[in-house]
Amino acid sequence: MNIVGPAGQIAATLAAGGFVQDAALILPGSGPTDRNGNNTAGLNTDAYRLLAEALWPEGVATLRYDKRGLGGSAGDANDVSLADYRDDIAALTQTLQDETGVECVWLIGHSEGGILALAAADLPDICGLILIATPGRPLGPIILEQLARQPGTAFYLPAVELALTQLAVGEAPDISALPPGLAALFHPATQDYLRELAQTDPAALLAETNLPVGILCGTEDIQVAEADADALGAARDGLIVRRIEGMTHTLKQAEPGNLAANLTTYSDPTLSLHPGLIPAIMDIIGQHR
């Protein structure tokens, strides 16, 4: 279906059965990630499609969508801000309410999508937030941790750290010492949005909310650490934090410590969702109906 958003058409998919008790908007992760959880940078998981199909029999209607400038959606994928995404979320949640007749909508944010959920938490008719693999700190330290795990990047970490620090304080990052692959992180077209993320503290945003919030993290997530879930969980009272043993960043399952199996979950869309994910989501929703 096509929805009229602030920047033009938003392409989306509604998944709803005959019995609808709840509704949720699935907010995608970073980069050129589409409504199904795939992108042109090599991510091929179908995770969001699988999530929607698994929630449908539980009585949860879902809407998932292509972000601005991606897939069938209008707009410039680089010229965005948290406020822009918040406006899109407002249009999407209203459509989901109109289509299903629910009184309020849950926001299910994955990875960076959890930050988008936090930025949109003050919208009307939001039931609550489910934050999956969501950063609990500003972007800089997380990027450095991710790069430190990759072979051949240790030499460049000081230059990356300098560039991130400069970006966060509003200066133009010095990328002269970085190879093309790492310099691409600071592409001029995306610097404004990257700067906004580098200046955003998700835990501080969460502390300002009064909605029901569930925080889910996987013990085999190689992108967002369990410490991020702890930081979010400490933001205020009344938060639910669940660790899902063996769940990867892509919401699939991998053996503990098996990096090869973990990486396979980024490229094999036939792999099922982690069996503990849907029960954890439904437990959170069920507690706050």
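Modeller: The largest nonpolar core has 54 residues, a core being a set of buried Ala, Val, Leu, Ile, Met, Phe, Trp, Tyr and Cys residues joined through side-chain atoms within 4.5 Å. Buried means under 20% relative accessible area, exposed over 50%, and partly exposed in between (1.4 Å probe, protein chains only). This is a predicted model: local features need pLDDT of at least 70, side-chain atom pairs count only at pLDDT 80 or more, and totals for chains, interfaces and linings use all residues. Residues are numbered from 1 along each chain as its sequence is written, and side-chain values use heavy atoms, with hydrogens and water left out.

Among the residues with the most contacts inside the largest core are Leu25, Tyr65, Ile89 and Val160. Helix H5 (residues 157–168) gives the most to this core, six residues; helices are DSSP runs of H or I, at least four residues, numbered from the N terminus. Beyond its neighbours within four places in sequence, Ile89 is in contact (heavy atoms within 4.5 Å) with Leu25, Leu27, Tyr65, Leu107, Leu116, Ala120 and Leu123. A second, separate core of 29 residues includes Ala133, Leu216, Leu273 and Leu277.

The whole structure holds two aromatic pairs, meaning rings of Phe, Tyr and Trp (its six-membered ring) with centres within 6.5 Å; planes under 30 degrees apart count as stacked, over 60 as edge-to-face and the rest as tilted. Tyr85 and Tyr193 have ring centres 5.7 Å apart and planes at 80°, so they are edge-to-face. Tyr85 lies in helix H2 (residues 82–100) and Tyr193 in helix H7 (residues 191–198), 108 residues apart. Both tyrosines, Tyr85 and Tyr193, are buried. Phe155 and Tyr156, with centres 5.2 Å apart and planes at 85°, are also edge-to-face. Phe155 is exposed at 69% relative accessibility, while Tyr156 is partly exposed at 24%.

Note on methods: Helix = DSSP H or I, 4+ residues; strand = E, 2+ residues; numbered from the N terminus.
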